[in-house]
Amino acid sequence: MVPAGSFTDPEYGSVGMTENQAAQDHDIAVGIARYDDLVRPVADGHPDGFCKLIVDRRSHVILGAHVLGEYSAETVQVVAVAMSAGMSVERLAEIQFAFPTFTEAVSMAAQKACRTIGIGRFPPAWSYLGSDE
């Protein structure tokens, strides 16, 4: 699990498989947290971006993550640690991240992936600005 980042505008970070790579050998679920739904990116004036998690539906293993926007290289490292530790997507979804931060997107993307799979019960976060889709 080696995260990679590109300090371009916008910044980009990734770890693990892409959605297309994962779909070749896995039944996948995807969770996406948009920056414009989070307090910190909006408050900082950087609402353009997202955090995407790719998960195996059966095993709940996190297969990859892709983050676009401010602090992407830092944010994707959180997912790399979770993947290296063998953390399930539902365990990642349960972690309470500091508020308000860009890394909150990791937990929210994990919660969305869990909802797609139909596992876990995660109330909407009080810091979430968007809809529950």
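1. Leaving aside neighbours within four places in sequence, Asp56 is in contact with His26, Asp27, Val61, Leu63 and Ile117. Contact means heavy atoms within 4.5 Å.

2. A word on the basis. This is a predicted model, in which local features need pLDDT of at least 70 and side-chain atom pairs count only at pLDDT 80 or more, while totals for chains, interfaces and linings use all residues. Residues are numbered from 1 along each chain as its sequence is written, and side-chain values use heavy atoms, with hydrogens and water left out.

3. Asp56 belongs to strand S4. Strands (E, at least two residues) and helices (H or I, at least four) are DSSP runs, numbered from the N terminus.

4. Which side chain of opposite charge is nearest to Asp56? It is Arg58, 5.1 Å away. Asp56 is buried yet has no salt bridge. Buried means under 20% relative accessible area, exposed over 50%, and partly exposed in between (1.4 Å probe, protein chains only). A salt bridge is a side-chain nitrogen of Lys or Arg within 4 Å of a carboxyl oxygen of Asp or Glu. For charge, Lys and Arg count as positive and Asp and Glu as negative; His and the chain ends are not counted.

5. The Asp56 side chain does meet backbone atoms. One of its polar atoms lies 2.9 Å from the backbone nitrogen of Arg58. The side chain of Asp56 also reaches the backbone nitrogen of Ser59, at 2.8 Å.

6. Now the sheet. It is open, has five strands in the order S1-S2-S5-S4-S3, and pairs in the antiparallel sense. Two strands pair if DSSP finds at least two bridges between them. Strands S1 (4-6) and S3 (28-34) are the edges, each pairing on one side only. The twist averages 10° from one strand to the next.

7. Strand S5 (residues 62-68) has six of its seven residues buried, so it is largely enclosed by the rest of the structure. Six bridges join S5 to S4 (residues 50-56). Val55 stands opposite Ile62, and Leu53 opposite Ala65. S5 also pairs with S2 (residues 12-16), over five bridges. There, Ser14 has His66 as its bridge partner.

8. The hairpin of S4 and S5 has five residues between the strands. In it, His60 takes a positive phi near 65°.

9. Helix H5 (residues 104-117) lies across S3 and S4, at about 140° to S3. Angles run from 0 to 180 degrees between N-to-C directions, with axes fitted to C-alpha atoms, for helices over the stretch in contact.

Methods. Polar contact = N/O pair within 3.5 Å; in protein donor to acceptor, adjacent residues only side chain to side chain.
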